[in-house]
Amino acid sequence: MRLILLGPPGAGKGTQAQRLVQRHGIVQLSTGDMLRAAVAAQTPTGLIAKDIMANGGLVPDEVVVNIIADRIEQDDAKNGFILDGFPRTVPQAEALDVLLKKKKLKLDAVVELRVNESALLARVEKRVAEMLERGESVRADDTPEVLSKRLANYREQTEPLVHHYSDKRKLITIDGMMPIEEVTAEIERVLAAVTKADETAQAAKRKVASKRAAKPARAARPAKAAKKAKAAKKAKSKASAKAKRTVKKAAKKTIRKAAKKVSRGAKKAPKASAKARQGTRKTGAKAARNRTGRAVKAAAGRGGKATKKVAKRPSKAAKRLTKRR
Ligand code: ADP
């Protein structure tokens, strides 16, 4: 299991980290402890960190990132770890993301201990008193003035990590104002739920993978055939589009040619129209003749009876003959 504990100074991270170590057999990696050890050993890192820490400031990102990168490589961290006090800034969180990705390590959860700021000073004062009682040396930064600076740093630089990890759906927020035992129980309850959800997701993934593995050949072939068919269809539609374009082009060309001819014809218009007029006249005469013919025939039809009447009447020559007789 790989966890991050997030919370302001005095939130109880150290206390809860120790309980998680015992329960899950993982190591606690506290950058504060590591830096204090470096200061005590007067290593180059310790020399950089000493005054910054005493004043409640933050040690440069690259210093702590390098410490953590080395530490999670060690054998005792292979089983899992709890990061306590790291990351403390967004760049540190981003560096950790890269580091874990490179090492193919998954972060299980980020546990945020949320506490009332006004309660923090009282807690730290109590811690100092207890340490003095046990005869332990008190941290240089556990004074009310430095504590308020550490708190301001937390609000400005570390609290944005709440969004960073909630965006990644890793954040678990626990009410750190409850008694220590209850906080522990709540962390365990939520972690159990996270583990269970993770196992279910893993099982579903495995199921999908094994189903795929069961029928690889059959699945592969139809996919290939479908691809081929798709390509053929595409080629066909491309070809028909090209053909349509060609036909359109040819049609346009023909129209253009015809239009040219017409306009050429229009230039010779006077002669042509004279001929045309003649033709019209001829046609007119013919039509007139036709009309006359039709009228004659009609008249003939009508005139059938009239002719008979006329035939009954004696002609002028017949009248003259009758007179002479
Ligand atoms: P706290 O009780 O305030 O959480 P820690 O014991 O975690 O304190 O750290 C003590 C001091 O060590 C910090 O105030 C800071 O100066 C330095 N330190 C620890 N962790 C980091 C970090 N990740 N980045 C920068 N500085 C750190």
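The legends below describe several close-up views of a predicted model.

**View 1. Strand E3 and the strands that pair with it.** In this view, strand E3 (81–84) is covered on both of its faces, with Phe 81 and Leu 83 buried on one side and Ile 82 and Asp 84 buried on the other. Strand E1, made of residues 2–6, runs parallel to E3 and is joined to E3 by 4 bridges, and within this pairing Leu 5 has Asp 84 as its bridge partner. Strand E2, made of residues 27–30, also runs parallel to E3 and is joined to E3 by 4 bridges, with Ser 30 standing opposite Asp 84.

**View 2. The cis peptide bond between Phe 86 and Pro 87.** The peptide bond that joins Phe 86 to Pro 87 is cis, and its omega angle is about -5 degrees. Pro 87 belongs to the loop that runs between strand E3 (81–84) and helix H5 (90–102).

**View 3. Gln 42 and its positive phi angle.** Although Gln 42 is not a glycine, this residue has a positive phi of about 55 degrees. Gln 42 sits in the loop that lies between helix H2 (31–41) and helix H3 (44–54). With a relative accessibility of 59%, Gln 42 counts as exposed, because the cut-off for that word is over 50%.

View 4. Arg 169 is exposed, with a relative accessible area of 79%. Lys 168 forms a salt bridge with Asp 97, in which the closest N and O atoms are 3.6 Å apart. Because Lys 168 lies in the loop between H8 and E5 while Asp 97 lies in helix H5, the pair ties together parts that are 71 residues apart in sequence. Lys 168 counts as partly exposed at 40% relative accessibility, and Asp 97 is also partly exposed, with a relative accessible area of 21%.

**View 5. Further salt bridges of the model.** The count of salt bridges comes to 16, and among them is the one in which the side chains of Glu 136 and Arg 134 meet, at 2.9 Å from N to O. In this pair Glu 136 counts as partly exposed at 34% relative accessibility, whereas Arg 134 counts as exposed at 54%. Another salt bridge is formed by Arg 189 and Glu 186, whose closest N and O atoms are 2.9 Å apart. Arg 189 and Glu 186 are 3 residues apart in helix H9 (residues 180–214), so about one helical turn separates them. Arg 189 counts as exposed at 53% relative accessibility, while Glu 186 is partly exposed, with a relative accessible area of 26%. Salt bridges also link Arg 127, Arg 139, Asp 141, Asp 142 and Arg 150 in a network.

Conventions
Residues are numbered from 1 along each chain as its sequence is written. This is a predicted model: local features need pLDDT of at least 70, side-chain atom pairs count only at pLDDT 80 or more; totals for chains, interfaces and linings use all residues. Side-chain values use heavy atoms; hydrogens and water are left out. Helices (H or I, at least four residues) and strands (E, at least two) are DSSP runs, numbered from the N terminus. Buried means under 20% relative accessible area, exposed over 50%, partly exposed in between (1.4 Å probe, protein chains only). Two strands pair if DSSP finds at least two bridges between them. A salt bridge is a side-chain nitrogen of Lys or Arg within 4 Å of a carboxyl oxygen of Asp or Glu.
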